[in-house]
Amino acid sequence: MPKIRKVLVANRGEIAIRVMRTCKELGIATAAVYSEADRSALHVRTADQAYFVGPPPSRESYLVQQRIIDAAKQAGADAIHPGYGFLSENASFVRACEAAGITFIGPPASAMDAMGEKTRARANMIKAGVPVVPGSTEPFASLEEARAYAEKIGCPVMLKAAGGGGGKGMRKVERIADFDSSWRAAKSEAMNAFGNDAVYIEKYLEKPHHVEIQVFADQHGNTIHLNERECSAQRRHQKVVEETPSPILTPEMRAKMGEVAVKAAKAVNYVGAGTVEFLVDVHRNFYFLEMNTRLQVEHPVTEWVTGLDLVALQIRAAEGEKLPLTAAPEPRGHSIEVRVYAEDPSRNFMPSPGKITYLRVPGGPNVRDDSGVFPGYTVPNFYDPMISKLSVWAPTRREAIARTQRALSEYVVKGITTNIRYLKAILAHPEFIGGDYDTSFLTREHDTLLGVEDAKLSEMALLASTVHAYQRDQKRAKSLPAASGQGGGNGGVSPWKLALRRR
Ligand code: MV4
């Protein structure tokens with residue numbers, strides 16, 4: 001297979017720049033695509049050339065397959081890197097690339113098909129001997145059939161959309177009396193979100209951890225894992241903080257989960273970078289959840305502890321090269337990534353697009369800032385409001401937390417609101433520091449992390465500090481020399497103001 005000489009990056013923002021950086025290091029030319037809203041975006045300036053693909057909404061630009069393929073042809077690119085999101089997990093796009101004679105840097109369409117639908121993925125995994133969350137593999141024909149199944153396995157159960165992912169169409173059923181209404185709600189939500197109302201049932205797992213395994217495969221049947229990422233710090237199914245190694249994994253669990261993840265990837269003839277997601281229950285049993293058939297947002301933490309460049313590995317695998325390693329490297333040290341968003345935590349995390357009037361980006365030893373923004377840039381409101389990923393490496397977890405805090409404190413972003421303070425609060429929380437935080441952590445500790453105070457306690461604290469200040473000022477006023485001409489008084493000036501004058 002011939003070497004790749006030019007890559008069209010079918011994405012925007014930080015991930016487009018991330019991919020182009022490796023291309024540059026490998027001597028590969030780059031072409032960007034951009035929408036009307038991204039004319040002055042950093043990924044356009046980073047690429048060797050750039051092609052306009054349409055109006056701001058991604059449906060009319062970044063998601064239009066033919067526009068992307070036409071741009072690649074015009075550029076004379078021999079490959080397309082899809083990044084994450086957009087067309088990255090779209091099997092029909094992979095086939096369209098193939099038909100156009102362009103290498104898709106990612107897995108074959110057949111692997112995407114095998115993992116795309118949750119019930120099909122579960123069936124494939126069961127066949128391969130991969131543990132899945134106990135439950136059904138087929139959607140149910142009727143409500144009665146579904147209710148009978150839920151009664152058999154016992155509440156609580158989780159209803160999930162077969163066509164879905166990311167928590168949409170998902171419903172927890174606590175009592176069988178609630179089953180019928182939850183079932184109908186899940187089905188209609190699934191229909192609206194995915195155009196597919198198939199719903200299946202799983203046993204509900206209490207307070208699970210989200211632990212995922214990075215896998216990698218070449219075109220010659222060599223498949224390895226690259227250890228795990230702990231991703232339990234999520235809010236509304238959006239990851240906020242990721243780290244590796246997972247603080248809850250033993251070397252034995254890592255080896256076992258890695259082995260299972262490789263088995264999952266092999267079962268679908270996977271090629272390139274992929275991620276096998278697991279739920280880990282309180283007893284530390286682990287169950288296959290889904291497979292992401294793309295490079296993930298949080299891949300930098302894996303790069304930090306393995307020393308590998310995952311984008312370079314993706315490109316080499318797409319060129320038909322053999323994997324340069326045969327087993328998972330021992331994790332070296334610890335890495336944490338936090339996602340910096342243009343959003344306002346105090347307004348229910350509402351996106352806060354707008355112009356960045358001033359920007360200072362963290363740096364220093366073992367700090368990496370993957371960003372798509374710059375001073376003077378206007379964050380558009382058409383896309384995901386993530387403005388950067390801050391990741392760090394340190395020898396130990398304790399030091400990695402301290403380094404992340406240090407780096408976050410260097411960040412200065414003016415003009416828009418960010419979640420930086422919220423991120424600092426997460427890293428300072430005893431439960432995060434303790435390491436055994438599960439997927440309920442951010443929701444459960446929401447008020448604490450936002451600095452929302454208990455109203456009664458706040459009132460009490462205000463009273464106490466007022467009394468204290470008054471008593472202190474009384475004492476100070478008494479020890480003051482008498483003010484001139486005022487007969488020993490202080491001219492009617494309050495003791496507080498006097499105290500302030502003395503400072
Ligand atoms: C579950 C679960 C508990 N039991 N399935 C949420 C997104 C979807 N991909 C899977 N999810 C869950 N499935 C059973 N049987 C709890 C979750 C879940 C979750 C999973 C991963 C990361 C964050 C989460 C937050 C809430 C619920």
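Me: Which residues in H4 do Gln-65, Ile-68 and Ile-69 in H3 meet?
Reply: A quick word first: this is a predicted model, where local features need pLDDT of at least 70, side-chain atom pairs count only at pLDDT 80 or more, and totals for chains, interfaces and linings use all residues. Numbering runs from 1 along each chain as its sequence is written, and side-chain values use heavy atoms, with hydrogens and water left out. Helices (H or I, at least four residues) and strands (E, at least two) are DSSP runs numbered from the N terminus, and contact means heavy atoms within 4.5 Å. On that basis, the three H3 residues meet Ser-92, Phe-93, Ala-96 and Cys-97.

Me: How do the residues of that contact divide into nonpolar, polar and charged?
Reply: Ala, Val, Leu, Ile, Met, Phe, Trp, Tyr, Cys and Pro count as nonpolar, Asp, Glu, Lys and Arg as charged, and the others, Gly among them, as polar. For H3 with H4, that gives five nonpolar, two polar and no charged.

Me: At what angle do the axes of H3 and H4 cross?
Reply: Axes here are lines fitted to C-alpha atoms, for helices over the stretch in contact, and angles run from 0 to 180 degrees between N-to-C directions. H3 covers residues 65-75 and H4 covers residues 91-99, and their axes come within 11 Å. They cross at roughly 30 degrees.

Me: What is the volume of the largest cavity?
Reply: On a 1 Å grid over the protein atoms alone, a cavity is a set of points where a 1.4 Å probe fits but cannot get out, while a pocket is an open set with protein on both sides within 12 Å along at least five of seven lines; lining residues have an atom within 4 Å of a point. Grid points are joined across faces, edges and corners, and a volume is the space filled by probe spheres set on the points. Searching the whole structure turns up three cavities of 30 Å³ or more. The largest has a volume of about 50 Å³.

Me: Which helix gives the most to the lining of the second largest pocket?
Reply: This pocket has a volume of about 320 Å³. Its lining has 13 residues, and Pro-345, Thr-418, Ile-420, Arg-421 and Tyr-422 lie nearest its centre. The helix that gives the most, with four residues, covers residues 420-428: H13.

Me: Is Glu-445 buried or exposed?
Reply: Glu-445 sits in the loop between helix H15 (441-444) and helix H16 (446-449). Leaving aside residues up to four places away in sequence, Glu-445 touches His-429 and Glu-431. Buried means under 20% relative accessible area, exposed over 50%, and partly exposed in between (1.4 Å probe, protein chains only). With a relative accessible area of 17%, Glu-445 is buried.

Me: What is omega for the cis peptide bond that joins Thr-244 and Pro-245?
Reply: Pro-245 is in the loop between strand E11 (238-244) and helix H9 (251-267). For the cis bond joining Thr-244 to Pro-245, omega is about -5 degrees.

Me: What is the phi of Asn-348?
Reply: Asn-348 belongs to the loop between strand E15 (343-344) and strand E16 (350-351). Asn-348 is partly exposed, at a relative accessible area of 48%. Although Asn-348 is not a glycine, its phi is positive, about 55 degrees.
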